[in-house]
Amino acid sequence: MHTTFDEMRAHDGSVRPGYRCFSDWLDSTPEEVISRKREEADLTFHRVGITFAVYGEEAGKERLIPFDIVPRIIPAQEWQRIAAGLRQRVKALNAFLHDIYHDQEILKAGRIPAEQVLGNSQYHQEMLGVTVSGNIYAHIAGIDLVRAGAGEYYVLEDNLRTPSGVSYMLEDRKMMMRLFPELFARQAIAPVEHYPDLLLNNLRSVAPATASNPNVVLLTPGQFNSAYFEHAFLAQQMGIELVEGNDLFVRDNTVFMRTTLGPRRVDVIYRRIDDDFLDPLAFRKDSVLGVPGLFGAYRAGRVTLANAVGTGIADDKAMYIHVPEMIRFYCGEEPILSNVPTWELSKPDDLKHVLAHLAELVVKEVHGSGGYGMLIGPTASKDELRIFRAKIVAEPQKYIAQPTLSLSTCPTFVDADVAPRHIDLRPFVLSGSDEVTMVPGGLTRVALKQGSLVVNSSQGGGTKDTWVLEH
Amino acid sequence: MLSSTADHLFWMARSMERAENTARMLDVTYRMSLLTRSTAEPFQQWSAMLSISGLHVDFDERNVDLNAESVLRFMALDEDNPSSIFSSLQNARENARAVRGTVTSEMWEALNHTWLQIRDMQARGIPEDGVSAFFEWVKERSHHSRGITHGTLLRDDAFRFLRLGTFLERADNTARILDVKYHIMLPSLADVGGAGDYYQWSSLLRSVSAFESYRKVYRDQITPRRVAELLILRADMPRSLAACTNEVNRLVQEINGPRSGELVRRSGLLHAELKFGRIDEIVELGLHEYLTGFLNRIHTIGALIDQTYFWSDEA
């Protein structure tokens, strides 16, 4: 194993500059105060009902995502570089999406193998030649970053479909300010509370040109969806309607919502349901979540969907390896943020290497998400390795492999003690008609089990407040 | 406002009101069954409780003896009984959850808290000596929710649909409780004034928080006719049919959607009849017949609200 980078302490045990203020406070605050505050946080989250549903468990069951009171702190300069890297990456991804659904210059130039794009199940033929407002596809991107042994950041994956978690970023901040207001007085911590405003401006900026005062709605699959709390929360914070498929209908290629005072036109739909379920006439026939005729109205440019249909091709793990090339091609720049080195198991040489080193690597399904269907070699049992090996041999094109990064750790409360736990970071990047914006920081997820590298909430991960220092 | 939002708000308020009224009805039945001089058999009392809610068939499917304990459990905590207090509170909470972006966070938190508590109670069961305390708790949570709604919610159509749900459900419940209790006590109408009757009628009044009001209004002994008058026609009595239809009538006029003509007409008609009605005429017609007719009309108004505002008839 490589050495692990700890966010708070350098290898010699000294506290890193960004954490000094917090560390002093922690040392001087009595244990019973801390444990009382932790209980208060738990109670509040329960009462407020900040919960998520877990698939596969008893229907309708809700759980809290564990919240840890030790913040993840990012120095100002470090964040500036991350932000520049994110801007660059998301611009390239949007340019890529526009390109492959129009002139396909990058394929013609041979920079990415055409069959990997056009033959990918995530490539939506229906989107060919469709003009989307502002040429923006991924209006909201959640880019997962991790930090390895020497403290260098890597992009682990791009989430360009319906990335979630931003409500926890906002609630975690609210909770920290409520529990420890004195900490915010001691240090200049960049605010994040204006995220809903930024998001609403962003969504309004991509409304069809014909809409003078755009009506923006948030489309949710409903209250049994795992992220329903977030949908309701964001709609409320933005002051827009939270709608389900049944609330909308399409007439004359125009989308309306049913209101008590009659139909009202809808211009922008921030949709939190997957492409496949959007419109039973265009995609899955059995979808009861979507709106018949929605895709027709969309193609006709009468309504904006955020994110656009067909973004899945760009955050597919098979396409991930090509993002640095996209940045060079569309931006004419070298990537600021690095990719994790990745083996494509569809390539015989890569496959051979991976099978020989399976116990050291992380293997992921190309189309998987949420930490499901992945193998973490170093912690897997012999049986698990054997079963996974068979799966890979049977369908190598379904998998990619990466070295097991030793994710950075951050001190975390475990029972009554503080111990290092692995973390990642998901900043939320907003692309509008003329700018790319974000709030400083993002959602820090933490793997609460000792040694675990899986931070997904569905797999027992927790969250932390993320502080970007202003100077 | 979204039609579905209005729908959820309406049912959120209705479910909470139903939980409260079910608690009230169970409470009065429980108290009456404790009276030694009860004119009606306890069995009849509990059976009537099921009649009020139209739940005899569901109960019979349980294949248990009909007695205080079994009916209490069925009506209070049975999760398979859609009208139990448990189910009503669950319903209120699920509806609130669906519109938590529309209600204030205090409202949502209150309903969620109530739900978390009843879930615990359901797991533990109600202790034998805690039956009355349980009903008090349900009423208190309902008062609490209503108070928060009044104290925090913007006075827009969301507020109006909530109120509409409250008063429609209350009108329905008051009519039902009066109908069934009157029926049980009828045999004793001949010797009004006996001590047993006094307790029966006073506990009925207490179940709708009308005992003190009765004293204030009539300053005289309790008679069945006056009880009926108070609970049907007195518009200043907050749980009476007149008070409820008064609110419903006002609310449908205020909401006044583009297709609300028939709804406004029906509500106005019902309101006018209660406003100008006389207890003598009602008794002459027969109280049971009158209340049955009233329930049908409340049902029609509910169906019209659904068609006018919730789009369930499809666009």
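Student: What counts as a helix or a strand here?
Tutor: Helices are DSSP runs of H or I with at least four residues, and strands are runs of E with at least two. Both are numbered from the N terminus. Keep in mind that this is a predicted model.

Student: Okay. Where does A:N307 lie?
Tutor: A:N307 sits in a loop of chain A, between strand 12 (304-306) and helix 11 (312-315).

Student: And what kind of peptide bond joins A:A306 and A:N307, cis or trans?
Tutor: Cis, with omega about -5°. Most peptide bonds are trans.

Student: What about A:N135, is its phi positive or negative?
Tutor: Positive, near 55°, and the residue is not glycine. A:N135 is in the loop between helix 5 (114-118) and strand 4 (140-147) of chain A. A:N135 has 17 C-beta neighbours inside 10 Å, so it counts as partly exposed.

Student: Over to chain B. What is phi at B:R219?
Tutor: Near 45°, again a positive value in a residue other than glycine. Most residues other than glycine have a negative phi.

Student: Which loop holds B:R219, and why does B:R219 count as it does for exposure?
Tutor: The loop runs between helix 10 (211-218) and helix 11 (224-233) of chain B. B:R219 counts as exposed because it has 7 C-beta neighbours inside 10 Å, and the cut-off for exposed is 12 or fewer.

Student: How many helices and strands are in chain B?
Tutor: 15 helices and zero strands. The radius of gyration of chain B is 19 Å, close to the 20 Å from the globule rule for 315 residues, so chain B is as compact as a globular protein of that length. Buried residues are 50% of the 315.

Student: How is chain B divided into domains?
Tutor: Domain 1 covers 1-153 and domain 2 covers 157-309. Their C-alpha centres are 20 Å apart. Contacts link 31 residues of domain 1 with 29 residues of domain 2.

Student: Which element of chain B gives the most to the domain 1 side?
Tutor: Helix 1 of chain B, with 17 residues. By class, that side of domain 1 has 15 nonpolar, nine polar and seven charged residues.

Student: Last one. How many residues of chain A are in contact with chain B?
Tutor: 20 residues of chain A, with 19 residues of chain B. Elements giving two or more residues to the chain A side include helix 2 (31-48) and helix 9 (228-238) of chain A. The chain A side divides into eight nonpolar, seven polar and five charged residues.

Notes
Residues numbered from 1 in each chain as written. Chains lettered and ligands numbered in written order. Predicted model: local features only at pLDDT ≥ 70, side-chain atom pairs only at ≥ 80, totals over all residues. Domains from an automatic or database assignment. Contact = placed C-beta atoms within 7 Å. Nonpolar A, V, L, I, M, F, W, Y, C, P; charged D, E, K, R; others polar. Rg over C-alpha atoms; globule rule 2.2 N^0.38 Å. Buried ≥ 20, exposed ≤ 12 C-beta atoms within 10 Å, placed from the backbone.
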